[in-house]
Amino acid sequence: MKLIYLLISSSKRSFLLAVISGTISGASLPMIIKLIGDAIEYKMPDQNLFILQFICLWLCFGIFNQISVYTSIKLTNNAMFELRMRLVDRVLKSSFQKIEHDILKVISVFTHDIVTITMTINRMPALLTALATVLGCFVYLIILSWKLSILIGLLIFAIYLTMKIILPKAKIYADKTRGVWDQLFHYFEGLLYGLKELMLNRELRQSYSGDFLPNLFTKQNNYSLKQSMLFALSTRSVELILFLGIAAILVGINQTAFVEFAFFGKFLMVILFILSPLATLSNFINDFKKTEVAITKIENIEDTLASSIFLDGEIRELEKSNDELPLIELVDIKHKYYNIEEDESFELGPINMSIKKNEVVFLVGGNGSGKTTLAKILVGLYLPESGTVRYNGQTLTTDLYDSYRSKISANFTDQYLFQTLSHISDEVLNEHGTKYLEKLELTKKLKIVDKKFSTTSLSQGQKKRLSLFASLLEDKEIYLFDEWAANQDPHFKNIFYHYLLPDLKLRGKTILVISHDESYFGHGDRIVVLEDGHVKEKMPVKEKAKS
């Protein structure tokens, strides 16, 4: 009953109002049926009373149905809002490493599971009306004939047993279908973001479209077919068992005459009226099983994220800078990471290094040497497995990391370009915005309107320059640039190394640059060389230039 708990936890009052109004609306229907049946049987002895009673019941059904629909939709929106915000909060407070590892699962939850839950909850008004209608009609049937009601009750119990056997098997295939979806999402990402590579590489494209995706599609289709057939069978079992039971009752009446056929006709009219609400309940049970799978997936992700949350509870602020101490200091830092290119695990460290305030440091090393991992430790995205990170002599603990990160602007190779500049102060935007936009030659490509870029539909090179522009405006104490100039043409490389880095240094910033551009190392104060996860050299740029 995870779905019911989700709704109640969102708003007990709204849930109760939706249930009560839906129940009243649904109960009005069997009362209308009884009213019409009595009017036919007794030839409407009092027309005015019939009209009054009918209008009251008719209005009761319509008004309370709308109240139920409104309350249910409001409840759904609130529940989904709280669920989404809870997940967003968990993501933003979790370890970056954990999110980086499970990113596709998290995206799948946002795009698939929450949608599944929303679609199911949106059917709640119809469910409540159907449930109340079935219960009301069954009470009316008992009033008409308790003997026939017992027989109908046995039929409904037989339907319940049938669904109890079928639905768990259907849930198994629902779980398998959902598991394949996680794999498909990974390949869909490759299809969209790796489209140019697929277009240019026939063998990869054929392998992608001929092996990977068809196999997963086939597997998902097979699971989905079995799941849908079992769900359809559970739905149809309502009519099949009910019709079979009615036929059996007719035979019994014919043989024993325990009730008159004319009386059973009136009884049968109510039973047939129940069919549609029963089908609604059956369909909801099918959707309910899918929703239970979706909620379980969300709970698993929440549990996974909860185990890695560290930006929770008290957040302390770092002390002000002390120019006499190193700005950043790494002491005996060790950290394991996975090298995708070499398909091996490496250990970074032990590393001991310090960075002074207003220093320009180049981080240099081959692929897989640990540059980016070290950079992520330096900017606080990765927490080292052992060792100490200090800022101005103050040891970083989990309650200080948020304050530490707020002093850093990092521009990684896979930087995401946000369209908004709402986090930039008006003072910094006015002082440096036009200057940097002109220097990066972006004034003809876009404008800044209400602290938003007028467009981000740019070439890759222009997007990188725009991302750099946004970083420069953040006015942080520490800047990290991860291979920013790697794919820029010589003109913009010169602008980056000859103008932007010196400009930041004049502004008192501390700068870390991951780079392979040896001809520009003269703009740094120091070079830190990494090899196989260890610092092999620390040498002044001038000494390197002489060698």
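Is Lys-435 buried or exposed, or something in between? At 28% relative accessibility, Lys-435 counts as partly exposed (buried is under 20% relative accessible area, exposed over 50%, partly exposed in between, with a 1.4 Å probe and protein chains only).

Before going on, I noted that this is a predicted model, where local features need pLDDT of at least 70 and side-chain atom pairs count only at pLDDT 80 or more, while totals for chains, interfaces and linings use all residues. Residues are numbered from 1 along each chain as its sequence is written, and side-chain values use heavy atoms, leaving out hydrogens and water.

Next, the partner: I found Lys-435 in a salt bridge with Asp-503 at 3.7 Å, N to O (a side-chain nitrogen of Lys or Arg within 4 Å of a carboxyl oxygen of Asp or Glu). Lys-435 sits in helix α13 and Asp-503 in helix α15 (residues 490-506), so the pair ties together parts 68 residues apart in sequence (helices are DSSP runs of H or I, at least four residues, and strands are runs of E, at least two, numbered from the N terminus). Asp-503 is buried, at 13%.

I then checked Lys-451 and Asp-426, which meet in a salt bridge at 3.0 Å, N to O. Lys-451 is in the loop between β7 (448-449) and β8 (452-453), and Asp-426 is in helix α13 (residues 426-439), 25 residues apart. Lys-451 is partly exposed at 21%, and Asp-426 is partly exposed at 48%.

Last, I saw that Asp-475, Arg-507 and Lys-509 are linked in a network of salt bridges. The salt bridge count comes to nine.
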